[in-house]
Amino acid sequence: MFAAAILGMACTVVVVGARGARAHSEPASVWHGTLAGRLRLVIELSDGAAATRAGLLRSVDQGTTLPIVNAQLNETTARFQVPSIGGVFLGTLNKAGTEISGTWTQTGTPPQPLTLHAGPLPADAPLPAPTGPPLPIPLVVQVPTPPAVLQADGTSHLVYELWLTNLSSRAMEVDGLNVLAGGTGKPSVLASWTGAALEALIARPAAPDGKAKTALSPGATAVVFVWVTVGTGQETPSALVHRLRLKVKGGPTLQTLDTVPTVVDRRPPVVLGAPLEGGDWVAMNGPSNGSSHRRALIVIDGRATIAQRFAIDWVRVGPDGHTFSGAASDNKHYHAYGAAIHAVADGVVTEVKDGIGENVPGGSASEPRTTLETIGGNHVIIDIGGGRFALFAHMQPGSVRVKAGDHVKTGQVLGLVGNTGNSSEPHLHFHLTSTSSMLGAEGVPYAFDRFEARVDRAMTGGQGIRHEREIPLDGQVVRFF
């Protein structure tokens, strides 16, 4: 890692332990210089008259210290090795004994010129301006789940996350993000964010309140929630390249990092039957880049996942656009309450929970403490094949009609809509995951065979807009048929 980092950044080299420049016959033990214009190093050699000396090499900007062996320093030449990174320095001492002109070589890379100066690096020494081609930036960019295709409103969308970790000892700020179509041909920009729009994409786990989400202190991690809409008639790219524009403290004004291509999962979403009947069902907290489901990053058993990436809370509205008529505190007054929940595909039941009491709408939950077992209330999970598992949550107690191991058919009634678990009013929470786990899995995209979308929430009756093999987006009012 250190080897790559040295090659990726300019360095200042310092040999530590000097008491200032010594007589020409007794070369200094402390030297400093700049490798490739950016990365400062500190080298400390042991005193003594032995033919070879030991020492330490410290990367000031990386916060790393490595052992030096076989250091030789006499009236005319200087040489030392850093075996842990395959590094060798070889140089010539000037007549005054104050400067060594030489070359730094590292395994697998071309030699780089390096000049060392006697004495320690001044505390207020400015970082030299970069020279030559740009070198790697110590920002780790990971895509834990491949970008997956979502079909909605006649358009393809790519939904995924970027994890950014600053491995530098310097603070940096993400100033811009471009998503480019990779694969074959010349990359083209699919999406671009800066300023407030970029800030809105980012979450900073455990970051202090008020801290800019784009600012990454040393060791900090940020999660970028990416949602890219592919233009109508445009082919979904086979790969994506992420271009990050960064401000690194003490470095050049702006630096650009292009990631290696990320392969896109271009398989069409699995097509499902309707989980409910009729209308008017609202896709609350449905697919969008800002919904609470989309941002529900949960750590279970040491792994962070977003099981609810494409989840929907299905509530039902009446002619007035409200979800209930009568007393808001009575579950029976909610239009969704008691609706039959249907299997969306053939499959095998892998998990069932029943017996959890109902909540008071907008009030307290029946369970005094929410756990991983009770958060979904009474629920059913079905293995529908292809590594996909369907979750139906918050059912009425005593309404569940299947048990683990049962084989179910598309359209079969599983239970009734209720208000149990982590729920504030009667609704059906539905999503697909990659394993038989309510939250300890990755959410996968899906589509419904057909539905009609209303123009606005208060509209009932009449014709809506017909959709086939798509998913409703956040807030859309639909009728299943």
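Reader: Is R450 buried, exposed or partly exposed, and what is its relative accessibility?
Author: Keep in mind that this is a predicted model. In it, the side chain of R450 meets the side chain of D449 in a salt bridge (2.8 Å, N to O). Buried would need a value under 20% and exposed one over 50%. R450 counts as partly exposed, because its relative accessibility is 33%.

Reader: And what about D449, what relative accessible area does that residue have?
Author: D449 is the salt-bridge partner of R450. D449 is partly exposed too, with a relative accessible area of 33%.

Reader: How many salt bridges does the structure hold?
Author: Side chains of opposite charge can pair when their charged atoms come close. Some of the residues here go beyond a pair: E161, R294, R303, R309 and E442 are linked in a network of salt bridges. For the structure, the number of salt bridges is 16.

Reader: Which strands does the salt bridge of D175 and R245 tie together?
Author: The side chains of D175 and R245 meet at 2.8 Å, N to O. The two residues lie 70 residues apart in sequence, so their pair ties together parts of the chain with that separation. D175 sits in residues 172–181 and R245 in residues 239–248, which are strands β13 and β18.

Reader: K353 has a salt bridge with E373, so where does E373 lie?
Author: The closest N and O atoms of K353 and E373 are 2.9 Å apart. K353 belongs to strand β27 (residues 347–353), and the pair ties together parts that are 20 residues apart in sequence. Both ends are partly exposed, K353 at 21% and E373 at 49%. As for its place, E373 is in the loop between β27 and β28 (378–385).

Reader: Let's look at H157: is that residue buried or exposed?
Author: H157 is found in strand β12 (residues 155–166). Leaving aside neighbours within four places in sequence, H157 is in contact with A148, V149, L150, A152, W227, V228 and T229. Its relative accessibility is 7%, under the 20% cut-off, so H157 counts as buried.

Reader: Which side chain does the side chain of H157 join in a polar contact of 3.0 Å?
Author: A polar atom of the H157 side chain lies 3.4 Å from the backbone oxygen of A152. The 3.0 Å contact, though, is between side chains, and the partner of H157 there is T229.

Reader: How many helices and strands does the protein chain have?
Author: Of the contacts in the chain with a separation of 6 or more, 63% are between residues 24 or more positions apart. Of its 481 residues, 50% count as buried. The secondary structure comes to 2 helices and 35 strands.

Notes
Residues numbered from 1 in each chain as written. Predicted model: local features only at pLDDT ≥ 70, side-chain atom pairs only at ≥ 80, totals over all residues. Heavy atoms only, no water. Salt bridge = Lys/Arg side-chain N within 4 Å of Asp/Glu carboxyl O. Helix = DSSP H or I, 4+ residues; strand = E, 2+ residues; numbered from the N terminus. Buried < 20%, exposed > 50% of the residue type's maximum accessible area, 1.4 Å probe, protein only. Contact = heavy atoms within 4.5 Å. Polar contact = N/O pair within 3.5 Å; in protein donor to acceptor, adjacent residues only side chain to side chain.
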